[in-house]
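The structure comes first, then a short tour.

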Amino acid sequence: MPQIHGILRGKYEYEYELDLNASRFEVRNARLSVDGNMPLKSSYKLEVDLCDESAIKMKDAWVRVNPISTFRITLGQQRMPFSIDAHRNPSAQFFANRSFIAKQVGDMRDVGAAVGYDIISMENRKILSVDAGIYNGSNLDNQKTAWFTSPAYSARIQYFPVRGLALIPSVQHQLIASRNASYTSIDFGAYYEYLGFHLEAEYLHKFYAKDAFDDCNAIDAMAIYKIPVKKGYLGGVSYLLRYDYMDNHSDGKKGFDEGTTRLLQSDAQRHRLTAGVTFHVANKYFPTDIRLNYENYWYPNGGTPKESEQDKLVAELMIRF
């Protein structure tokens, strides 16, 4: 039978910068997905977000075959296999707002074909997982004209040498600015989980073809400690700390500076420190998180911050099923 899943995220933000000093409510995600297994070792997934920054967006629409249990072939719209944090579904995120790697620098979905292979130990523990694919190249909204002579591509390796430890290198090549520019990103990340701790660090380096924009570096490092609570309303409490950084960055959506082959900047260089606490409600049917985050930004080179990228307090309520 098909499996239906969903996630609802509502949040309140208060920015207290002198030039704003204002609040807002937002429905960040209202996401529904249907997935299931079919005869002859095949499966599928459909996922749509009814309120992704106030817009309806198709996220995943793919079909998959598994000739053997450890080998998969996937065709359709999907998240490109790349990064740790950028590959997370909203239901698996730790903080109310995504890292710079997950939101600005490394996030990418596309339409294409991917293959994956897992190596399982004799103790039935996954040791290695490899995923790679080729894609149209930044044309989710206009697939009929997405003919290419040189495809976008992405590949990710997940290596689990011991329980709790993961080493994850990945690479991604994508076309941007209406296919008139391209970039290649190299990413290396790792995480370790032990006795309630989750420690994670990730580094990404993005360079643009034909010097269309300066190289962009991004860093994401976080520490989470979850304490189980078997009492009344609460099922656990998590304490969170994250530091992330990004250079000046162009996603290509603004195109080129007039009369040049130089991409316009979309994001200014910045640092951010986020601290927070998450209360996990004891509900096995509808897991619920109450998140309280404080975000502190600083712009070393005087970049102009966007309204949503300044010092703020965030309260979020997330329910998933």
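## Aromatic pairs

Across the whole structure, a search finds eight aromatic pairs (Phe, Tyr or six-membered Trp rings with centres within 6.5 Å; stacked under 30 degrees between planes, edge-to-face over 60, tilted for the rest). This is a predicted model, where local features need pLDDT of at least 70, side-chain atom pairs count only at pLDDT 80 or more, and totals for chains, interfaces and linings use all residues. Residues are numbered from 1 along each chain as its sequence is written, and side-chain values use heavy atoms, leaving out hydrogens and water.

Y12 and F25 make a tilted pair, because their ring centres are 5.1 Å apart with the planes at 45°. Y12 belongs to strand β1 (residues 3-15) and F25 to strand β2 (residues 22-38), so this pair ties together parts 13 residues apart in sequence (strands are DSSP runs of E, at least two residues, numbered from the N terminus). Y12 is partly exposed at 29% relative accessible area, while F25 is exposed at 72% (buried is under 20%, exposed over 50%, partly exposed in between, with a 1.4 Å probe and protein chains only).

Y192 and Y194 are stacked, at 6.2 Å centre to centre and 15° between the planes.

Technical notes: Helices (H or I, at least four residues) and strands (E, at least two) are DSSP runs, numbered from the N terminus.
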